[in-house]
Number of protein chains: 2
Amino acid sequence: MTQFDLPGSPGGARHTARLEAGASAASDTSFDPRTGASNGAIAHTSAAQVEQVVAAAGAVAERFAQTSPAERREMLRAVADAVDASAAELVWLADRETGLGETRLKSEVARLASQLRFYADVCAEGSWLRATLDEAGDASSSLARVQVPLGPVAVFGASNFPFAFGVLGNDTASALAAGCPVVAKAHPAHPMLSVRLGEIATSALASAGAAAGVFDVVVGFEAGKQLVLDPHVRAVGFTGSQNGGLALWRLANERREVIPVFAEMGTVNPVVVTTDAATDPQRVATGFVSSMTLGAGQFCTKPGLLLAPEGAGLADALGAAVSATQIHPMLTAAMAAGVSRGVEAYEAAGGQVIGTGSGASAGWSAAPTVVHVPAELFTRESVFAEECFGPVGLVVEYTDRAHLESLLAQLQGSLVATVASSGPHDPETADLVALLARSVGRVTVDDWPTGVAWTWAQQHGGPWPATSAPASTSVGAAALDRFTRPVAFQNLPDSALPPALRHDNPWGLPRRINGRMN
Amino acid sequence: MTQFDLPGSPGGARHTARLEAGASAASDTSFDPRTGASNGAIAHTSAAQVEQVVAAAGAVAERFAQTSPAERREMLRAVADAVDASAAELVWLADRETGLGETRLKSEVARLASQLRFYADVCAEGSWLRATLDEAGDASSSLARVQVPLGPVAVFGASNFPFAFGVLGNDTASALAAGCPVVAKAHPAHPMLSVRLGEIATSALASAGAAAGVFDVVVGFEAGKQLVLDPHVRAVGFTGSQNGGLALWRLANERREVIPVFAEMGTVNPVVVTTDAATDPQRVATGFVSSMTLGAGQFCTKPGLLLAPEGAGLADALGAAVSATQIHPMLTAAMAAGVSRGVEAYEAAGGQVIGTGSGASAGWSAAPTVVHVPAELFTRESVFAEECFGPVGLVVEYTDRAHLESLLAQLQGSLVATVASSGPHDPETADLVALLARSVGRVTVDDWPTGVAWTWAQQHGGPWPATSAPASTSVGAAALDRFTRPVAFQNLPDSALPPALRHDNPWGLPRRINGRMN
């Protein structure tokens, strides 16, 4: 094992990373996006090490599956406590690798701990086990069904939320809650943070009684591919780009035993402005630009398209609003380049830049930009129907309801759509909500789409290609469902049933018995 | 429109089938499996007609999605009543095309009506909508989530259950219950019955107030492919062979917008005999052979492999039991040929036929057969790890628990596994149930696997390739889940929410509010 050591780390913590003697020299270099300078390198996990890590996850899977929901609640709470205890160090490290700033990262690390506790509580509540019992009748056998964990899950976190959607994020927390061991891949945009979070979680899980192998982190692109193809791995969670997510989905489809890939991917996320709301273009434009530039536009829920009534002055207002914004560093050099390339492609296809942010460009920065697109050019085959990741938005003007519907029909599925209305009595809202709900996973009214609460009712997903599994969510209580499958037991003696289905209900679960909830 | 007319049909009913003037001459020939003689031909639906049918389903989808669960309950009940009213005619027609016999078909047509009423009740109960409300807090917006129908579903029924898994079977009933229009493909092994069932359902749905386009049947292989690729179609339900199901899955994966394929496919379905149960080999052998030959072994839940303690005499007992059985017609010429080919392949690979049924062979018949396989030849790459559809079973002897586990590890996922025990106090049962549950969707003890009840707790699915979507079931209350996806609504005025989420709960649904069930 070697260590990495960053000068200035709070508490002088030393960060260890696996690097066996004689291992491949390949590594992920950690960069400071504010300067583009290297923070150091984290060695890739060798193929032999990945095999070992996954085999350990496979070996422990049955035992971990048999822990009670209450036991797993305590394990997840221990991880949350450990994250809280290391918050200062983690924020420092994350800022060094992401440039997202202390304020945002402090709030995000607190969110990570809160999420872990939320999934812990959902796990213990037990509805997700869907315990269902049909008692034996004169002509029928008893039948009882419960959700069982799938087994080891490979998690690919996102670049843009190093905590909330990172190696300990929603996918990992919900998979552990569901009783599945997790092997997470370190994100190349924050490899040191990924490895450090892994150390913190591994140690907290052990202290809470989890067996070795329940959680681990591997590093490197090849290690990620190996995870998806390893027979021990039974599901994949991914947050990131369509290219990345669909590549993993295709890879998993080539396995002898195909496994589900829950890829939550970037989408356009349209905003529709009603006729009445358009009477105050400045209010709408300010809100849109502020949501579009949050975190330098590096949100999968970034509103990327504003559909406004023609002639209401929204384009002008957006131009003014975006011109008042500042340049901000992007997470990676590739993302900064992607913004320039994206804006150029929009211009080449007939879009017109109507405003850009300003300020000194340092490191990997990008200027917030709004592009006006003539409606007749907005077609499904055009670049305008594709997401540009970063602080970039499009504005298209519609003439009437039918025109609006034809424009929306050019879009692929999105994670979220927004109605900007004139208030609770806007006559257009209900109809627009119904229209937008057909092609997204969440509709929000007068509330910008960027925030994603981790609650019982949340749905963070959407029709293809917003996710590769449109019936799933990667945030909220239902996130556990992804990592389970149902098994029915017919005519079993009570002693042979799993605890969730035994007569005395030892886990105190809500259960459906003969069709009625108990 | 042309008609087909079979002499001897009860009530002298005439059966109509679409055949436009000038349409392609391609058709499905209906055969009598008892003789191999033709009953007549049903013309394939032309590409233009398929397009029209699917467009009609697409056009009505939004309206159908907005019907209340109680309205859809009445529609499904109307179909069930119409099936009951036509039972005699349907049984006559089904027997002519399948040779399954009046007793079995009478019971299956009654089952079809019962299933339709079951899904009607599940629909109206409303738990499947998973209505979940998080009320607004000081720092958070309100969030409410509900399952919405996916839109038109293409259904490919099975050959072996012309009623229960046919054009009005579990897939169609659960999709309609979930609020999705259905376009079913007629099965080439019973095209006349498929078309007739379609007529009965279409007319019953219309009389119950369903809009045109909610249900239709198309005929022909090309029509089926066209369904899967049509952008209006949002999901596929399939019951049949692995070849067929995986071909549809691959086709759907090539779409611009990939859609879920719920293919429930044939599997080996192992039976494990405990040491204590093996002391009465005749009892076990009789039960196994009787389950294996039910419906000429043409069940996806047929037990295809018996794993018995070495030296307990199970092989001899099976040989004797199967020798007492009779030859029976298979559903199609291809299936009959498949049995001969399968047995030959087992023999060529080192298996030994230890007993066959007897009787005069007429039409497309197959003799029940049990093959003994030396344990060392039973590997995942061998033909022994593949299902042979029909009245064919394998017996393999294991030496101890570790050997048994290594044999089970050669198998792909199965729909169901069985433990043949010595009774409720058999000490091996609990451990074997836990072992088998890892790779199947249902475990049954001292109850042969062939029957699949349509109840709240049923799970009819299993790990890949038992189904292409291991978290789904094609039978039971949870079958509706396949055809829905969640949508969350954030910060909406009550008037813009769908009925399932409105404050006054007009559909009277069970709902989770702020984390608690109400």
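Residues are numbered from 1 along each chain as its sequence is written, and chains are lettered from A in the order in which they are written. In this predicted model local features need pLDDT of at least 70, side-chain atom pairs count only at pLDDT 80 or more, and totals for interfaces use all residues, while side-chain values use heavy atoms, without hydrogens and water.

**View 1. The contact between chain B and chain A.** Each chain brings 60 residues to the contact (heavy atoms within 4.5 Å). Together they bury about 5100 Å², with 52% of it on carbon and sulfur atoms; buried area is the accessible area (1.4 Å probe) lost on being put together, summed over both parts. On the chain B side, B:Arg256, B:Arg485 and B:Gln490 lose the most area to chain A, together 12% of what that side buries.

**View 2. A salt bridge across the interface.** Here B:Glu125 meets A:Arg512 through their side chains, at 3.2 Å from N to O. Chain B and chain A share 6 salt bridges (a side-chain nitrogen of Lys or Arg within 4 Å of a carboxyl oxygen of Asp or Glu).

View 3. Strand β21 of chain A (residues 484-490) runs parallel to β20(B), paired over 3 bridges. Strands are DSSP runs of E, at least two residues, numbered from the N terminus, and two strands pair if DSSP finds at least two bridges between them. Look for A:Gln490, whose bridge partner in β20(B) is B:Thr444.

Definitions and conventions
Buried area is the accessible area (1.4 Å probe) that two parts lose on being put together, summed over both. Helices (H or I, at least four residues) and strands (E, at least two) are DSSP runs, numbered from the N terminus.
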